[in-house]
Each structure stands twice: as structure tokens, then as C-alpha cells.
Amino acid sequence: MLQKITVADEAAGLTEFWSQRVVAAANGNLFKVAKGTGSTTWHAHEDQEETFLLLSGELTVQLRDGDVHLRPGDLLVVPRGVEHCPTVVGEARFLLVGPEVTSTEAGGKPAWSLPPSADPDS
């Protein structure tokens, strides 16, 4: 049975920052909601592009050669291998599209957002 997904509602229901939750899959891609505050660490994904569709808030994707500022409705594809650092003042919610879920390590997830048992500094 087909079911409608309200992406904004799915993103609003997230309880963790910089974590992804798969809400749909199609044509070999996963559609994942996430929310951010503060910033991730600088990182690159060698195995896939990272596609952001901003739903709410403002998101700046820092790149080594300049920043890209996103507002709701904006779409940005960060090519594989390009180092980047997503940054949010306040809170932003977004949809990520890609062939698989990026790992915590590869996704640049900041240490403060990890459970104590997963924090490499504890």
C-alpha cells in the first residue's frame, strides 16, 4: 500500500542532532531526514555525493574555497571527496538523498552529539 510521507513532520520528530533517519527508498537511493545545530567536523565522503535539501532554518556548508548558504527549498550536492563542514545557527532540518547512510565517523558528527559510550574522548 502506498503511503504519503510528510518530510517536514518526519524531520520535526527527530530527537538527535546530526543523525539521519531513513524515511523512504527509491531507485537505489535512501531519503533521510536530519536536523542540525552548531556544526559537524570537517569531513569528506569518498564513496558518495552528499545531497542536502533544506526544509527549515538556515544551513551554511563551509567549503575550503568558500561557503554556500542555504535557505528553505535550496538544494546542494557536495561532490564525493570534497571536504565540507555543515554549520547551523539555531536549528535546521533537511533531507539527505544518497545510496546509503553515511557513517557517524565519515559524516563528521561532532563528539558532543554522540552517546557517552561512543565518544572517542571519554
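Predicted model: local features only at pLDDT ≥ 70, side-chain atom pairs only at ≥ 80, totals over all residues.
How many bridges join strand β3 to β7, and in which sense do the two strands run? Good morning, colleagues. I shall answer that question at once and then describe the surroundings of these strands. Five bridges join strand β3, residues 50–56, to β7, and the two strands run antiparallel. Within this pairing, L54 stands opposite F94 of β7.

The mean pLDDT of the chain is 87, and 82% of the residues score at least 70. In the chain, β1 has the lowest confidence, with a mean of 93, and β5 has the highest, at 98.

Let us return to β7, which covers residues 84–98. Strand β2, residues 29–39, pairs with β7 in the antiparallel sense over nine bridges. In this pairing, T87 of β7 is the bridge partner of S39. Strand β4, residues 59–63, is also paired with β7, again in the antiparallel sense, over four bridges. Here V61 has P86 of β7 as its bridge partner.

I now turn to the charged side chains. The structure holds five salt bridges, and I shall present some of them individually.

In one of them, R21 is joined to E10, with the closest N and O atoms 3.0 Å apart. Because R21 belongs to strand β1, residues 20–26, and E10 to helix α1, residues 7–12, this pair ties together parts that are 11 residues apart in sequence. R21 is partly exposed, at 32% relative accessibility. E10 is likewise classed as partly exposed, with a relative accessible area of 29%.

Another salt bridge brings together the side chains of E49 and R80, at 3.0 Å from N to O. This pair links distant parts of the chain, 31 residues apart: E49 is in the loop between β2 and β3, while R80 is in the loop between β6 and β7. E49 has a relative accessible area of 32% and is partly exposed. R80 is partly exposed as well, with a value of 44%.

The next salt bridge is formed by R64 and E83, whose closest N and O atoms are 3.0 Å apart. R64 lies in the loop between β4 and β5, and E83 in the loop between β6 and β7, so the pair ties together parts that are 19 residues apart in sequence. Are these two residues buried or exposed? R64 has a relative accessible area of 57%, and it therefore counts as exposed, the cut-off being over 50%. E83, at 32% relative accessibility, counts as partly exposed.

How many cavities of 30 Å³ or more does a search of the whole structure find? The search finds one, and the volume of this largest cavity is about 40 Å³. The cavity is lined by 10 residues, of which K32, Q48, E50, L96 and V97 are the closest to its centre. Which strand gives the most to this lining? Strand β7 does, with three residues. Both β3 and β7 supply at least two residues of the lining each. By class, the lining consists of two nonpolar, five polar and three charged residues.

Thank you for your attention.

Definitions and conventions: Residues numbered from 1 in each chain as written. Heavy atoms only, no water. Pairing = 2+ DSSP bridges. Salt bridge = Lys/Arg side-chain N within 4 Å of Asp/Glu carboxyl O. Buried < 20%, exposed > 50% of the residue type's maximum accessible area, 1.4 Å probe, protein only. pLDDT = per-residue confidence, 0-100. 1 Å grid on protein atoms, 1.4 Å probe; cavity = no way out; pocket = protein on both sides within 12 Å on 5 of 7 lines; lining within 4 Å. Points joined across faces, edges and corners; volume = space filled by probe spheres on them. Nonpolar A, V, L, I, M, F, W, Y, C, P; charged D, E, K, R; others polar.
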